[in-house]
Amino acid sequence: MQGLTQQAPGGEPLRPPSPLTLAARQLEGFGGTKALLVRGDLRNSITVIVEGDEAFIGVPRSARSRNGESLVELARVHEYGSAPIVIPLTPRMRRYLFALLKRAGQEPTGGTGRGVVVVQVPARPFLRPAFEKFRQGAGRRFLERVAKHLGMGGPS
């Protein structure tokens, strides 16, 4: 969770939010600029469950945001990215999109005139880099514990 807060899970920097995302946050009253962190719901849903010699680290299917929405699909989309999503635009949505573009310093182009926008969420892995970093040190930690247990030294 610390890596997510510091924007570098496992030491791998997260891709920053797009100017449109930042503009949308501003219009909605959020001032933050960090990727994957608006209210902290996703970060706060990361759970560690240990049962015997097995552990689960991730976002449980039961995790919900403050407004009751499931967080497991949100976590999956951010971890792996999404396929292109086609969104039909209503006139109200079109006005909102143009307001976002202006706030982000981009000029609205008018598009194709088909009344749709296509978005694709880029992958921003926040669990896998931390797992990989942990895995890299697992062999050393295991050998140190065995050596200590056998009275062969190692850190106390």
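A contact here means heavy atoms within 4.5 Å of each other. Among contacts in the protein chain between residues at least 6 apart in sequence, 63% join residues at least 24 apart. The model is a predicted one: local features need pLDDT of at least 70, side-chain atom pairs count only at pLDDT 80 or more, and totals for chains, interfaces and linings use all residues. Residues are numbered from 1 along each chain as its sequence is written, and side-chain values use heavy atoms, with hydrogens and water left out.

**Whole chain**

The secondary structure comes to six helices and four strands, where helices (H or I, at least four residues) and strands (E, at least two) are DSSP runs numbered from the N terminus. Read along the sequence, the pattern is α-α-α-β-β-α-β-α-β-α.

Switch to a surface. The accessible surface comes to about 11100 Å², of which 56% belongs to carbon and sulfur atoms; accessible areas come from the Shrake-Rupley method with a 1.4 Å probe, and for residues only the protein chains shown count as cover. Of the 156 residues, 25% count as buried. Buried means under 20% relative accessible area, exposed over 50%, and partly exposed in between (1.4 Å probe, protein chains only).

**Helix H2**

Select residues 19-27, helix H2, where the buried residues are Ala 23, Ala 24 and Arg 25. Their cover includes helix H5 (91-103). Just after H2, select Gly 29, which takes a positive phi of about 90 degrees.

Next, select strand E1 (residues 47-51) together with E2 (54-58). E1 and E2 pair in the antiparallel sense over five bridges; two strands pair if DSSP finds at least two bridges between them. Val 50 stands opposite Ala 55 in E2. The hairpin has two residues between the strands, and Gly 52 takes a positive phi near 65 degrees there.

**Helix H4 and His 78**

Move to helix H4 (72-80). Ala 75, Val 77, His 78 and Glu 79 are buried in H4, and what covers the buried residues of this helix includes H3 and H6. Gly 81 follows H4 and has a positive phi, near 85 degrees.

Centre on His 78, which has a relative accessible area of 16% and is buried. Leaving aside residues up to four places away in sequence, His 78 touches Leu 36, Leu 42, Val 121, Pro 122, Ala 123, Arg 124, Pro 125 and Phe 126.

**Salt bridges**

A search of the whole structure finds three salt bridges, each defined as a side-chain nitrogen of Lys or Arg within 4 Å of a carboxyl oxygen of Asp or Glu.

- Select Arg 66 and Asp 41, whose side chains meet at 3.1 Å, N to O. Arg 66 lies in the loop between strand E2 and helix H4 and Asp 41 in helix H3 (residues 41-45), so the pair ties together parts that are 25 residues apart in sequence. Arg 66 is exposed at 60% relative accessible area, whereas Asp 41 is buried at 13%.
- Select Arg 76 and Glu 73, which meet at 2.6 Å, N to O. Both sit in helix H4, three residues apart, which separates them by about one helical turn. Arg 76 is partly exposed at 39%, and Glu 73 is partly exposed at 42%.
- Select Glu 79 and Arg 128, which meet at 2.8 Å, N to O. Glu 79 lies in helix H4 and Arg 128 in helix H6 (residues 128-149), so this pair ties together parts that are 49 residues apart in sequence. Glu 79 is buried at 3%, while Arg 128 is partly exposed at 37%.

**Nonpolar surface patch**

Finish with Phe 142, Leu 143, Val 146, Leu 150 and Met 152, which form a nonpolar patch on the surface with about 550 Å² of accessible area together. Patches are made of residues with over 30% relative accessible area and no salt bridge; like charges are joined within 9 Å, and nonpolar side chains (Val, Leu, Ile, Met, Phe, Trp, Tyr) within 5 Å. Phe 142 is found in helix H6 and is exposed, with a relative accessible area of 54%.
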